[in-house]
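Welcome! Here is a friendly tour of one protein model, taken a few features at a time. Have a look at the structure first, then read on.

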Amino acid sequence: MSQMPQPPQLSACPACDEPPQAGDRYCDRCGADLTVAAALAAEAALSAEAIAGRPEAHGDLPEAYGDLSAPPRVNGAARSTHPEPEPDDYELAAPTSGGYGQVADPRAAAALGVPEAPVESVESGIHPETNASTHTSAASSTGSGTGTGADPQLPGGEHRPRCAACQEGTIDQDGYCERCGHAQARTRDHMESELEGVAAASDRGLRHHRNEDAFSVSTAALPDGTPAMVAVVCDGVSSATRPDEASAAAAHSANQALRASLPRGAHPQQAMNEAIIAAADAVNSLALDTSAAAPPHEGQRHQNAPACTIVGAVVTSDILTIGWVGDSRAYWVPDDRTTPPARLTEDDSWAAQMVAAGLMSEAEAYADERAHAITGWLGADAYELEPHTASYKPDRPGVVVVCTDGLWNYAESAEQMARAVPPDARSRPLNSAQVLVGHALDGGGHDNVTVAVVPFPAAPGRAGSA
């Protein structure tokens, strides 16, 4: 198959030696422009080859240019002229100690003297939502020391944020400084939301350049006045275009559908089925939006429609209902840890199919490199939408843990998840969500991680809308 010419690739950033991902235009660690660096490296390599082909030229060169084997340097760092295969992921700084209850983001720009963002009210960590206390650790571009305000070089004194690193350049629509190329902190890097009776947290992880997960938590009043707690978690499919938009649209639409149907008296299982269909419609509509071009760093992913997985939970005073498509999961963890926990979902994945067909044991299937290939998702190119729903009537109190694979990769079995969940999870759901995010980051943080913790049963007096 014919392929378009590809620009030269660097094995490491010329400024900080960070290995970039394939297709990256800027270094995610220091913000250096990798395309310019790659072009200069290629030019230098060609020049060296040309000179090497003229033996007599070496004797004519000034002494200062005698060492042609040394690679060119940018900002004091050597630039490699021999591209090597690049890893799919790359490491960022390890999280700081001191616990995750303090809403600490290991990639926050504290070293640059940038203040934390103020507490905001949001829905699903993305859209405004009443009564949802959400904390973000992304560095704010406002306040003293950040250089925000009108740029005198912009026509009409247009207000645009200044770079947190160089204090001079303005930020482009992709979140990079137009002067020094430094990547700015994103609001979605770390998100938390808490209502009375349900809480969630989401983190970019330590190896991805952005957070492609999304969540939504809310409460609703049933027709008899009793409360229902709602949590929806979505994981964008990274091989598709605009996965972050897909997860956000799905979480928001499913939450809105549940908040509309539950007060009307719909059975939670039927309401969950309709919510997943609404989420699928929202993701499908993104594929029809031709005005939203794929960002340049997404490479060939524009060939795939936006896609995501989804898992949701509705908890009432006597029933908990789960719905899902894909490999995001829900777990039941009772307060009494002497009683067994349970996994409430079955993955739509290659590994699950192998286990169900009796071709592999669960350990063998999930050790295979194909394990996480999903067979069901929300998106215009999904084979067929088949929402899974189930309702349970637990005979004791506990919590429902709703999460993406960024968490369950580090606590796969129900027993492992129960050991990771704090014993006071039902009374402190936000703290428990923070601890579970920390568990994934401590384990390596290879993926975005999102988790919602929903206490069961829903306590009286928590009915409302959020």
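Arg-242 sits in the loop between β8 (227–236) and α3 (243–261). Helices (H or I, at least four residues) and strands (E, at least two) are DSSP runs, numbered from the N terminus. This is a predicted model, in which local features need pLDDT of at least 70 and side-chain atom pairs count only at pLDDT 80 or more, while totals for chains, interfaces and linings use all residues. Residues are numbered from 1 along each chain as its sequence is written, and side-chain values use heavy atoms, leaving out hydrogens and water.

What is the phi of Arg-242? It is near 50°, a positive value in a residue other than glycine. Most residues other than glycine have a negative phi, and most peptide bonds are trans. Arg-242 is also buried, at 5% relative accessibility; buried means under 20% relative accessible area, exposed over 50%, and partly exposed in between (1.4 Å probe, protein chains only).

Now for a peptide bond: the one from Phe-456 to Pro-457 is cis, with omega near 0°. Pro-457 belongs to the segment after β16.

## Helix α9

Helix α9 covers residues 429–442, which makes 14 residues. From its first C-alpha to its last, α9 reaches 20 Å, close to the 20 Å expected at 1.5 Å a residue (the expected span is 1.5 Å times one less than the number of residues).

Why is α9 described as largely enclosed by the rest of the structure? The reason is that 11 of its 14 residues are buried. Among them are Pro-429, Leu-430, Val-437 and Leu-441. The buried residues of α9 pack against β5 (190–195), β6 (198–203), β15 (398–403), α7 (405–408), α8 (414–420) and β16 (449–456), where contact means heavy atoms within 4.5 Å. Just after α9, Gly-444 takes a positive phi of about 140°.

## Strand β11

Strand β11 (residues 329–334) has 6 of its 6 residues buried, so it is largely enclosed by the rest of the structure. In a regular strand the side chains alternate between the two faces of the sheet. In β11, Arg-329, Tyr-331 and Val-333 are buried on one side, and Ala-330, Trp-332 and Pro-334 are buried on the other.

β11 pairs with β15 in the antiparallel sense over 6 bridges; two strands pair if DSSP finds at least two bridges between them. Here Pro-334 stands opposite Gly-398 in β15. β11 also pairs with β12 (residues 342–343), again antiparallel, over 2 bridges, and Tyr-331 stands opposite Arg-343 in β12.

## Salt bridges

How many salt bridges does a search of the whole structure find? The search finds 12, each being a side-chain nitrogen of Lys or Arg within 4 Å of a carboxyl oxygen of Asp or Glu.

One of them joins Arg-210 and Asp-244 (3.8 Å, N to O). This pair links distant parts of the chain, 34 residues apart: Arg-210 is in the loop between β6 and β7 (213–221), and Asp-244 is in helix α3. Arg-210 is buried at 8%, and Asp-244 is buried at 18%. Together with Glu-212, these two residues are linked in a network of salt bridges. Another salt bridge is formed by Arg-343 and Glu-346 (3.7 Å, N to O).

## Cysteines

A search of the whole structure finds 0 disulfides, a disulfide being a pair of cysteine sulfur atoms within 2.5 Å. The sulfur of Cys-163 is 3.8 Å from the closest cysteine sulfur, in Cys-180, too far for a bond. Cys-163 is buried, with a relative accessible area of 0%.
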